[in-house]
Amino acid sequence: MHNRENNIILESKNLSIGFGSKKNKKIVASDINLRLEKGKFFAILGRNGIGKSTLLRSFSKIQKHLNGDILLDGKNIEQYTNKQLATKLSVVLTERLPLSQLTVFELVALGRQPYTNWIDKLSPEQLKKISWSIDITEISHLKNKYFYELSDGQLQRVMIARALAQDTEIIILDEPTAHLDIHHTFKVFSLLKKLVKTAKKTIIISTHEVNLAIQLADNLILLSENKTHQGTVKELINKNAFSSLFPIELISFNKKLEQFVIKKS
């Protein structure tokens with residue numbers, strides 16, 4: 001038990017997330033109590049608008065949470081400066097990149113910004129981290145291309161490489177397969193699983209690829225209207241937690257298959 005306590009890297013206590021000011025709050029989700037262990041693959045699941053992206057943005061301090069506490073390595077996230085936080089966690093969002101003349105190599109190298117001023121000042125050690133990030137994401141053949149020449153699947157791997165070059169223990173990804181076909185979706189999930197296993201990263205994603213997440217993630221966070229559940233697939237099945245995830249008119253959770261299936265009319 002003591003070892004598990006030491007292994008908690010990210011924690012939320014009585015967390016409320018949403019939008020607005022102290023006087024005019026719009027709460028999206030509340031009473032979120034989560035404990036995330038190092039070196040695991042976490043997937044956040046739930047219907048549209050339930051708060052998946054808002055939770056990730058709150059975890060990364062991009063968006064201020066409304067109430068409660070977020071602890072990173074046992075320290076309140078509000079006590080981290082932006083530069084300190086950039087050495088602890090990296091973020092891959094769904095927003096399109098602004099037009100520029102950056103090559104893939106230069107885009108990945110931007111991951112080193114928390115440690116250096118600009119690409120001209122990259123040390124041999126930093127170049128080594130960039131090269132490793134490019135190699136492990138299998139984009140070496142793309143490094144001299146301009147990023148706007150890439151397909152969506154290629155660009156997503158480049159963005160993951162940039163996060164890896166940032167050399168953080170936690171990588172947060174918001175809908176990393178949102179614009180991808182099934183082939184590239186599986187490639188991204190497989191890459192993330194590999195990064196947890198070989199690079200010892202803690203990966204946290206939000207996704208609509210529910211059945212794939214159930215198969216590949218180590219731990220699931222289910223956001224529903226009234227409650228947040230966290231656990232392994234087996235633990236959540238025992239709690240009947242999947243039954244509250246989506247409206248039951250069209251789909252249901254098959255405990256034997258451990259998958260959501262379409263209801264037969």
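## Six-stranded sheet

Two strands count as paired if DSSP finds at least two bridges between them. In this predicted model, six strands form an open sheet with mixed pairing, in the order S6-S7-S8-S3-S9-S10. S6 and strand S10 (228-231) lie at the edges with a single partner strand each, so one side of each has no neighbour in the sheet. Direction ignored, neighbouring strands of this sheet are turned by 15° against each other on average.

Within this sheet, strand S3 (residues 41-45) and strand S9 (residues 219-223) run parallel and are joined by four bridges. Ile44 has Ile221 in S9 as its bridge partner.

Two bridges link strand S4 (residues 67-72) with S5 in the antiparallel sense. Leu72 is placed opposite Lys75 in S5.

## Helices on the sheets

H6 lies across S6 and S7, at about 165° to S6.

## Largest pocket

The volume of the largest pocket is about 410 Å³. It is lined by 18 residues, of which Ala86, Leu89, Val91, Pro114 and Gln166 are the closest to its centre. Helix H3 (82-86), strand S6 (89-92) and helix H6 (152-165) each contribute at least two residues to this lining. By class, the lining of the largest pocket comprises 10 nonpolar, six polar and two charged residues.

## Second largest pocket

The second largest pocket has a volume of about 310 Å³. Among the 19 residues lining this pocket, Leu93, Thr94, Glu95, Gln156 and Met159 are the closest to its centre. S6 and H6 each give at least two residues to the lining of the second largest pocket. H6 provides the largest share, five residues. Here the lining divides into 10 nonpolar, four polar and five charged residues.

Conventions
Residues numbered from 1 in each chain as written. Predicted model: local features only at pLDDT ≥ 70, side-chain atom pairs only at ≥ 80, totals over all residues. Heavy atoms only, no water. 1 Å grid on protein atoms, 1.4 Å probe; cavity = no way out; pocket = protein on both sides within 12 Å on 5 of 7 lines; lining within 4 Å. Points joined across faces, edges and corners; volume = space filled by probe spheres on them. Nonpolar A, V, L, I, M, F, W, Y, C, P; charged D, E, K, R; others polar. Axes fitted to C-alpha atoms, helices over the stretch in contact; angles between N-to-C directions. Contact = heavy atoms within 4.5 Å.
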